[in-house]
Each structure stands twice: as structure tokens, then as C-alpha cells.
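Subject: Structure for you to look at

Dear colleague,

I am handing over the structure below, and I would be glad if you kept it open while you read the notes that follow it.

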Amino acid sequence: MRWDIFCHVVDNYGDIGVCWRLARQLVMEFAVSVRILIDNLDSMQRICPETNPDLAVQHILGIEILHWVMPFPDLVPADVVIEAFGCELPTRYVTAMAAEKTGPVWINLEYLSAEPWVESCHGLASPHPGLPLIKYFFFPGFTAETGGLIREAGLFSRRDALQTNSAGLWQELGIPGPIPGETTISLFCYSSAPTRNLLDAWANSASPIRCLLPEGAVSQQVAGWAGKSYLAAGECIQRRSLILQVIPFLSQENYDHLLWACDCNFVRGEDSFVRAQWAARPIIWQIYPQQENIHLTKLNAFLDLYCQNLIKEAADALHAFHRSWNRNENPDWDAFWTHQKILQSHAISWADQLGKMPDLTSSLVDFCRNRQ
Ligand code: TRH
């Protein structure tokens, strides 16, 4: 089976982040042939450093990567066509799909949301108004009635092994491993997050905190807090209880390792948010901001689901921290972290519970096979 994945990078790294993980899992676990058509190779290079942004065609890990430019070339359509996040396929390609004897299975892979309506929309078919083609809406999600989440085979055992011994990771990053009593936190967020307040809280913490900050947009903002104009990878700043360590932007694989090794992970968007759940450590999520605060409804839908089996005090603290973090208000770290133990064991139960559901890639493969 041949798959084409179309990815339009809206901004940042989440669009290609999801597509790249999907492509890798398809090739590794389902032995299908995958081609990614992406319109921004610089974005891809950030999460997959082997990418050469100057090449029109390249192969990485057995996946063909085509720079999606206009005018769009004549291509033979694949058996399965993924239109990631409603990115709108080139007209020429859609015409070629319709001309095939057996039309490809056409999937619109949607954004992740925990809102209940997702269950009733997952898998819906939408016939093309003028061509003999059907597009299906495939929704990732947190319940068995959705398409699930990307989770590679053996992920939990690899995670558990690293959580038992993370020395190799720290060595690779060139930084000392955590000292006893230290809390290690990864921080990945948008520049709108109230990082100054948080960093002040960590600096005044009763116990040592090491914050690992991937180099990028947000480190420029944090630089202001540190009294600098820019913070480059390798820089390390100490303010009382806090060590702020800037690390390079990692490959997707190494970023997973970082999430596994930290005691708490601040994540954003979609893909890092999912990966932090697999890390089975307490998370703070900054959701991608949308107009008219629609994103806050999505945020609450997730928190309501996530907190279902969490004791009230910890759930309230988690809600409160997320509210502040996502509204650029002063978040109360101590009130949140006082529930660390409960949040930690809850994060494990949550990952285990989600891990019992079929993963997104397997569900998608089944879905497509049944429609061929
Ligand atoms: O980058 P994001 O904010 O992505 C987005 C985009 O804004 C997108 O347009 C929107 O549609 C989507 O969110 C919801 O956050 P996200 O989704 O977490 O993607 C980041 C990717 O970068 C993810 O695949 C993890 C990866 N990453 C690394 O590979 N190395 C790193 O060091 C870090 C910090 C992240």
C-alpha cells in the first residue's frame, strides 16, 4: 500500500511533528510506502535535523519527502491520501485521484480535541460535490470512540528503561544529572506564557529546581528575565534555587527522552502535549491560542477528562494552574506542586488507561483497509 501525507505548515512544528511521527510509524510497523509532501522544509529540519531544506526530493528513514511547491507537478496518487489538518490538496492532485480506476482512500486527519462532539464526527464521510471521491474525517482523541493517539509499539518499555536509568541522556545533553532532591522540569511554551512569574517562583522555591529550556522563540523571552537579549544553547543561569539550562532544540526522538526523564513537563500545541502524556509525568499544557478564546473550551474539555479519577484538591490545583498559564496570569506553582505525588501516580494511571486503547496509526490503517 502506498500512502501520501500532505502537510501544510501553519506555523511552528506541530503540523509536521504529527505527520512525521505518523509516517515513521507507518514505515516501521506496517511496512507501507510513504511519501510526505510538505511546504516548509525548515520547520521539518527542526524536528528532524537530517532534513536538507534545499532538496526538492529526499529520503529519510525510508520515507520520501517532497517539497510541496506550486505549480504542483503531475503525480500518480497513492492508495491512501492523508490531508493533514484540512490543508487542502492541490486541485491537480485531486483531479488525478478522481481519474484513478479505484479512487484512493482520502482522509482528513483532524486536530486533537477532547471535546465530546469529536466522537460523533469521527469517521464521517463527505462525498466530493463534483467528483467520484469521498473524504473521511479522522479524529484523534482520548476515548475508544475516536481515532486514538499516536503511540509506537514498545514505547512504554523504552520509556520505562530510560526512567530507570537516564544517565545516558544527561551525558548526551552534556549536563549533569539531577542531584538528590532536585526537581527537573522541561519548559516548552508559547511566548505569551507568563514565564517571568513562574521563573521567579522557581527561584524562590524551598528545594532546587532545574529548568531545561530548548533553544528557540521562548528562550528569547526568558532571556529578558535573565537580563540578557538572547539565550543560546549551552547557557546556564542560576538564581537562588533555580538553575535555568538552555539546551539545543532536540530531534523528536531525543525530545521524547527528555520528557521521560523530567519530573514535570510544560508542553504546548498538539504533539508535545501527547508525548508528555506518554511520559507519565505531571504535565502543564499551553494550548494553541485561537480566536474568541475557543481554545479555552478545548482546554477545559481535556482537563475534565484528565481529572475524572483525580482527587478534588489536586484536580482543582491542576485546573487553576492551567487557567493562569493559558491566560497569561500569575500561576501558583507551589499550590500546584504540593500535589506532586498524587499528580505523578495519576499521570501513570492516565498513560496506562490511554495505552489500552488502539493507537492512532493502527486504527487509521484498519480504517483505510476497510474502505479500499
Ligand atoms: O510547535 P507547536 O506549537 O505546534 C503547533 C503548531 O502551532 C500548529 O500550527 C498547530 O496546528 C498545532 O501546534 C496544534 O507544538 P507541538 O504540536 O507540540 O509541536 C512541537 C513539535 O516539536 C513536536 O513534534 C515535538 C517537537 N520538538 C522537538 O522535536 N524537539 C524539541 O526540542 C522540542 C521542544 C519540540
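At 15% relative accessibility, H339 counts as buried, because buried is defined as under 20% relative accessible area, with exposed over 50% and partly exposed in between (1.4 Å probe, protein chains only). Please keep in mind that this is a predicted model, in which local features need pLDDT of at least 70 and side-chain atom pairs count only at pLDDT 80 or more, while totals for chains, interfaces and linings use all residues. Residues are numbered from 1 along each chain as its sequence is written, and side-chain values use heavy atoms, with hydrogens and water left out.

H339 sits in the loop between α13 (333-337) and α14 (340-355), where helices (H or I, at least four residues) and strands (E, at least two) are DSSP runs numbered from the N terminus. Not counting residues up to four places away in sequence, H339 touches E313, A314 and A317, contact being heavy atoms within 4.5 Å.

If neighbours within four places in sequence are left aside, A280 is in contact with R159, Q344, A347, I348 and A351. A280 and L343 are 63 residues apart in sequence, and their C-alpha atoms are 9.7 Å apart in space.

The chain is divided into domain 1 (2-149 + 357-369) and domain 2 (155-355), with bounds that come from an automatic or database domain assignment. The C-alpha centres of the two domains lie 29 Å apart, and the contact between them takes 23 residues from domain 1 and 26 residues from domain 2.

The largest nonpolar core has 77 residues, and those with the most contacts inside it are W202, F266, F302 and W333; such a core is a set of buried Ala, Val, Leu, Ile, Met, Phe, Trp, Tyr and Cys residues joined through side-chain atoms within 4.5 Å. Helix α11 (residues 294-306) gives the most to this core, with six residues, and the core draws at least three residues from each of domain 1 and domain 2.

Finally, α11 and helix α12 (residues 312-326) pack at an angle of about 160°, with their axes 11 Å apart; the axes are lines fitted to C-alpha atoms over the stretch in contact, and angles run from 0 to 180 degrees between N-to-C directions. The contact includes L296 and L299 of α11 and L318 and H319 of α12.

With best wishes
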